[in-house]
Every structure is written in C-alpha cells, then in structure tokens.
Amino acid sequence: MTTTGEGNESGEADRIELKEEDAYDELGFSFPTWKKTSMNFNTSLYSNGLAGISAEFGVSEQAARVGAAIFLITYAFGCELWAPWSEEFGRKPVLQMYLGLVTYGLSSAGGSVTLGMIADIFEANEQQYAVAYIVFSSVGGSILGPIIGGFVEAYLDWRWAIWIQLIFGGFAQIVHLLLVPETRTTILLDRIAKKRRKSGQSANIYGPDELEPFFKRFTFKELLWTWIRPFRMFLTEPIVLALSLLSGFSDALIFMQIQSFALVYKQWGFSSVQIGLSFIPIGLGYVIAWISFIPAIRRNKAQRERNPDNDHAQYESRLWWLLFTAPCLPIGLIIFAWTSGGPPIHWIGTMVGSAIIGIANYSIYMATIDYMICAYGPYSASATGGNGWSRDFLAGVLTVPATPFYTNIGGARHLEIASTILFAISLVLVCAVYTIYYYGPALRKRSPFAESLASTSTDEAPGHPRRRVSRLLSEEYPHASIAQVGAPTSTRDTVPRVRNRNPGRNAGDGR
C-alpha cells in the first residue's frame, strides 16, 4: 500500500492507496472460470436484404450497399472513440452504451473493449487461451450472418434481415447487464476500498481513482487526450500501426473475396440458401486454426517460462505459429481464384480455397491481438482499437467498390483475375509477418507506450511472473493516467524506464 499526505492539514490520518497485490483475490484475475466466459454473436444480415431495399426505395443494389458501408465505417470509429473510456470509467458501462448504440445503428465501441477485458482477468502469461476463444467467437460469429441470411432472403421479407439483428442486439444487451461483472482493475479497487471503509476494516484506505476525483485528474485538455489516445497510438506506436495494417489489409482482402460469392456460385445455379451455406468452409477453416493454436500456445508458454528475461520469448514468440499459417492467405486466394470460373470445374475447389483462407484470417487476427494485449496490457482496448478500426474501416470503404471490382476487371475471366490481384497483394502482407517477428524488438523500442508498460511490469508475485500494472503512472504525478503520460505537449511527466526485478519491491510501486 502507498500512503499519501492528503488530509494532514485538517488533522486527518494519511490516506492509504489500495494496490493490486493487497486485493488480488478480489480482482478480475481471481474470478472463477464461469465469470471469464463470453461469446460474441456478430452477425451481418444487411447484404441479404439488398434486393428488397432496392425494390422498396427504387435504388440500385449498388446504391443500397452504401448503408452497409456507413455502418462499418461508423463501427470502426466507434472502436477508437469509445474504447479508451472503458479504461477510465470501467468496461461494463461503456459496453452497455456500446450495445445500445450498435443496436440502434450508431457508432459503437466494437470488440476492442472485450479484448481489453482479457487484460483485466488474465495475466500476460495466461491470456492466450482466452484470446483464442474470443477471436474464434468473433470471427465465427461473423459467418453466422450470411448463413442465416440466406434463409431469411429466401423465405422472409427483407425487413427481417434488420429485425433479427435488432432482436439479437437487445437480447445481448440484457444478458450482459445481468450476467457480466465489471472487470477493470482500477474500478474494482475503488469499490473494494469503499467496502473496507464501510465495514470498518480500514478507515483510511482508498482506491486509486478516489484519491484524485475525475475532474481533478482530467482537465479539458486531458479529456481530449484520452479520447484521441487510440488514434495517437495507431499513428505513433509502430507496433500498433504495423500489426493493425497487417490485420486490416488481410481482412479487407478476405472481405473483397467474400463479396464475390454470389457472382461465383450463381454460375453453378446456387440458390440464396446455398450461397449462404457456402460460408461454412470458412467456419471450418476457423475451427482448424483454433485447434492448431492449442499446441502452439503450449509450446509458446513453455518457451516463455524457460526464458523469463528474454523479451523476444515474452513477446515476439507469440507470433511463431503465424509464420506457418499466414501463407494460407495467398494459397487460399490463388486456389479460389482459379477454381471460380464455373462449370466444368467443380465448385468444391472454391470451398477448399475458402477454408484455407479461413485458417489465415483466424491466425492473423489471433496472433496480432495476442501480441498487442501482451504489449499494452491495461491499455489494450486502445491498442486493439487500432486493429479493429483498420479491419472495419477498410471493409466499409471496400463495400461499395467490391462488386464492380469483380465484374469489371479481366474481361471474360474477370472473377479469376480479380482474385489473383488479391493474391498478389496478400504476398506483400505475408512478408510483413516475418518482418514483425524478427524485428519486433526494434519496433517495441520505438513504441513509447509499450516500452513504458514493459519497464513497469513486475515479477515478484508467486505464480504470477512479470505481472503487468493496471495503470501507467508517472513518477512525478503518481495519480496521472496514460492520457497525461502520453501527451506529447506535456513536459511534466517522466516515465520510469528501469524494469523492476527486485523481489522486495511492491507490485504497485513502479506505477
């Protein structure tokens, strides 16, 4: 615990700040397994209502796609704009606001807050299985939309493509409100401190945010810095920029390829239901990739335990399995490209290519998110916000030109040529994976937020090696937030750079 001098002039006893190690058993890290389980139902049925929207409003189907583009772009900015507030006000209220906004079609916080919760309830050396599950629930949920949408398009009015999403959104919000607890460490410490004061256990103990109220911690300038933190991290942190662009562009390529499904499978006479079912091979690829990561995670965990002082083992080794699975992206695209010409080629070839692409999509998302959560810990919601922004923004921007791209390029073999162009671009992206793996330490050294968090990580808690802190603080201003530490115009904050390896030092002292 840390004592402050507040209250001395009025004769009150010194206030004591409650630290993580003083209440570890009551924080998210010690939640039972059932409290650490979640599932995303991420469905998009909008495209299955395009024909109905076009007929209802007298516009072309191409113009009707603008609605999907607007949603994805605002969703992308929601990841960046709302996610950092979960690091100040708690995950639950921001997620509740997000669920309400996304249900009613406005900007949302996206999955970045969910990923930030991983850092709240799992230590860095234990997070990988949780990240693998969250990523699977996210990408797996995304293919449910087209599968269900095929049946909706065939048997229901187009409005049901919207109503089903509204029903699921409202249901998810109620379940989250009733069953999901708050996980943000600083918020929980405040609550625990209040509870201990009320019970008389300790009259002078206070949570980190109680010692300095919100409006003292945040001036208007600092509020602005908090809001733009994810954008700033995206632009100034090489790790965030490189991994977000890698994940975003790979997802954009896959999104473009998926937009061709209706064009490709109509050559074999597929109905809307059959086109929806053609997304199942992508899901199969997700399952294969998820299972393949289990032994890879075990190998990585053992490597980190054998090399506790090796930064490459602690960080970049998390990308090791991606070295083997990332090439599935160009391989799958080229297979899909040259089996998509229609009869007499059998349609099964395109589905084999789609399954291989699914392996790559899951692997790239999983590995980049795991790396970023490890590097940015409690501020991973802001860091992964850049990843989510690039994926959703690029998908939104490409929604409208995707179909013209596949219909207007390459003449008679326009489908094959268009996918081959995506294949060529993916080769460049795969090269970036190897660059990040081998030159990651140099990137981290040029990433001030990541280096600052690494320098204040601790390793003295038994069974919890290299514990990450819940907030990055400056030495001069012990209650400053990362928004203040990270502000480039501020000269008052100095972040400690020496990693704590002294077993006798408290876990919170370096914060």
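Phe293 is buried, with a relative accessible area of 4%; buried means under 20% relative accessible area, exposed over 50%, and partly exposed in between (1.4 Å probe, protein chains only). This is a predicted model, in which local features need pLDDT of at least 70 and side-chain atom pairs count only at pLDDT 80 or more, while totals for chains, interfaces and linings use all residues. Residues are numbered from 1 along each chain as its sequence is written, and side-chain values use heavy atoms, with hydrogens and water left out.

Tyr362 counts as buried too, at 0% relative accessibility. Phe293 and Tyr362 form an edge-to-face aromatic pair, 5.8 Å centre to centre with 65 degrees between the planes. Rings of Phe, Tyr and Trp (its six-membered ring) pair if their centres lie within 6.5 Å; planes under 30 degrees apart count as stacked, over 60 as edge-to-face and the rest as tilted. The pair links distant parts of the chain, with Phe293 in helix α15 (residues 280-306) and Tyr362 in helix α19, 69 residues apart. Helices (H or I, at least four residues) and strands (E, at least two) are DSSP runs, numbered from the N terminus.

## Other aromatic pairs

The structure holds 18 aromatic pairs. In one of them, the ring centres of Phe57 and Trp158 are 6.2 Å apart and the planes stand at 70 degrees, so this pair is edge-to-face. Phe57 belongs to helix α1 (residues 50-57) and Trp158 to the loop between α7 and α8, 101 residues apart.

## The nonpolar cores

The largest nonpolar core has 90 residues, and Tyr265, Tyr362, Met366 and Tyr376 have the most contacts inside it. Helix α19 (residues 348-376) gives the most to this core, with 17 residues. A nonpolar core is a set of buried Ala, Val, Leu, Ile, Met, Phe, Trp, Tyr and Cys residues joined through side-chain atoms within 4.5 Å.

Not counting residues up to four places away in sequence, Met366 touches Gln128, Val131, Ala132, Val135, Phe293 and Ile297; contact means heavy atoms within 4.5 Å. A second, separate core of 8 residues includes Tyr75, Leu95, Val113 and Met117.

## A buried threonine

Thr325 lies in helix α17 (residues 322-325) and is buried, with a relative accessible area of 4%. Leaving aside neighbours within four places in sequence, Thr325 is in contact with Ile359, Ala360 and Ser363.

## Surface and overall fold

Phe151, Tyr155, Leu156, Trp160, Trp163, Ile167, Leu277 and Ile280 make a nonpolar surface patch of about 840 Å². The elements giving two or more residues to the nonpolar patch are α7 (128-155) and α8 (160-179), and α8 gives the most, with 3 residues. Patches are made of residues with over 30% relative accessible area and no salt bridge, where like charges are joined within 9 Å and nonpolar side chains (Val, Leu, Ile, Met, Phe, Trp, Tyr) within 5 Å. A salt bridge is a side-chain nitrogen of Lys or Arg within 4 Å of a carboxyl oxygen of Asp or Glu.

The chain has 23 helices and 3 strands, and buried residues make up 56% of its 511 residues. Among contacts between residues at least 6 apart in sequence, 76% join residues at least 24 apart.

Definitions and conventions. Areas by Shrake-Rupley, 256 points an atom, 1.4 Å probe, with all protein chains shown as cover.
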